[in-house]
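Subject: A structure for you to look at

Hi,

I am passing on a structure that you have not seen before. Please open it and keep it beside you while you read the notes below.

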Amino acid sequence: IALMLSILLALTSAPTPALVVRNVDVFDGRRSELIRGATIVVEDGKFTYVGKTPPKTVPSGALEVNGSGKTMIPGLWDMHVHWYDESRLRLFTANGVTGIRIMFGMPMHLQWKKRQQEGALAAPRMYVAGPIVDGPKPIWPGSIACSNAEDGRKAVRQVKDAGYDFVKV
């Protein structure tokens with residue numbers, strides 16, 4: 001946890017120095033293996049190096065962290081979120097969740113997403129569904145009612161045109 005907090009502080013403080021984490025075990029999700037004693041370099045909020053062999057160069061002024069006895073994993077995703085409190089979005093990233101899928105989106109969610117992408121909001125990456133596309137008598141307020149195939153096509157176009165990432169039915 002201390003290592004994660006160090007990294008989060010390093011990534012969210014301004015200006016952000018480069019970060020080098022040495023001798024840390026890293027879980028490689030693509031290969032499903034643990035890389036022991038790796039070095040990680042983060043510059044401008046992006047991972048620029050992850051490997052067993054130390055990098056040839058280290059950015060000057062980099063914050064160096066000893067990761068001995070610690071393990072780093074890729075960011076986690078919460079794939080089914082109903083979230084309406086912007087002030088607590090940081091709790092996701094503070095707990096290792098770097099991406100969320102909002103399942104009943106509203107215009108405020110698109111605003112949050114835009115601000116997060118611009119770096120103006122500390123929050124996980126977001127994929128946002130539009131209003132739920134439902135049958136002729138929707139259960140949830142704010143859903144889009146559809147009685148036939150043409151209504152369904154119109155609803156999908158409406159969700160897409162509004163800028164949402166996907167449709168929830």
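A search of the whole structure, which is a predicted model, finds 2 aromatic pairs. Here, rings of Phe, Tyr and Trp (its six-membered ring) pair if their centres lie within 6.5 Å; planes under 30 degrees apart are called stacked, over 60 edge-to-face, and the rest tilted. The rings of Trp-77 and Tyr-127 have centres 5.7 Å apart and planes at 40 degrees, so this pair is tilted. Because Trp-77 belongs to strand E6 and Tyr-127 to strand E8, the pair ties together parts that are 50 residues apart in sequence. Helices (H or I, at least four residues) and strands (E, at least two) are DSSP runs, numbered from the N terminus.

Trp-77 is partly exposed, with a relative accessible area of 33%, and Tyr-127 is also partly exposed, at 45%. For these words, buried is under 20% relative accessible area, exposed is over 50%, and partly exposed is in between (1.4 Å probe, protein chains only).

Trp-83 is partly exposed at 23%, while Phe-92 is buried at 10%.

A word on how to read all this: residues are numbered from 1 along each chain as its sequence is written, and side-chain values use heavy atoms, with hydrogens and water left out. Local features need pLDDT of at least 70 and side-chain atom pairs count only at pLDDT 80 or more, whereas totals for chains, interfaces and linings use all residues.

Now to the sheet. Three strands form an open sheet in the order E6-E7-E8, with parallel pairing; two strands pair if DSSP finds at least two bridges between them. Its edge strands are E6 (76–81) and E8 (125–128), each pairing on one side only. Strand E7 (residues 97–102) pairs with E8 over 4 bridges, and Gly-99 stands opposite Arg-125 in E8.

What lies at the centre of the contacts in the largest nonpolar core? This core has 18 residues, and those with the most contacts inside it are Leu-89, Ile-100 and Met-126. Such a core is a set of buried Ala, Val, Leu, Ile, Met, Phe, Trp, Tyr and Cys residues joined through side-chain atoms within 4.5 Å. E7, H3, E8 and helix H4 (149–161) each give two or more residues to it, and E7 supplies the largest share, 3 residues. Ile-100 touches, among others, Trp-77, Leu-89, Phe-92, Met-126 and Tyr-127, where contact means heavy atoms within 4.5 Å. A second, separate core of 10 residues includes Ile-35, Ala-38, Val-42 and Met-72.

Strands E1 (residues 19–28) and E2 (residues 33–43) run antiparallel, joined by 7 bridges, and Val-24 stands opposite Ala-38. E2 and E3 pair antiparallel over 5 bridges, with Phe-47 as the bridge partner of Val-42.

Best wishes

Note on methods. Lists of a residue's contacts leave out its neighbours within four places in sequence.
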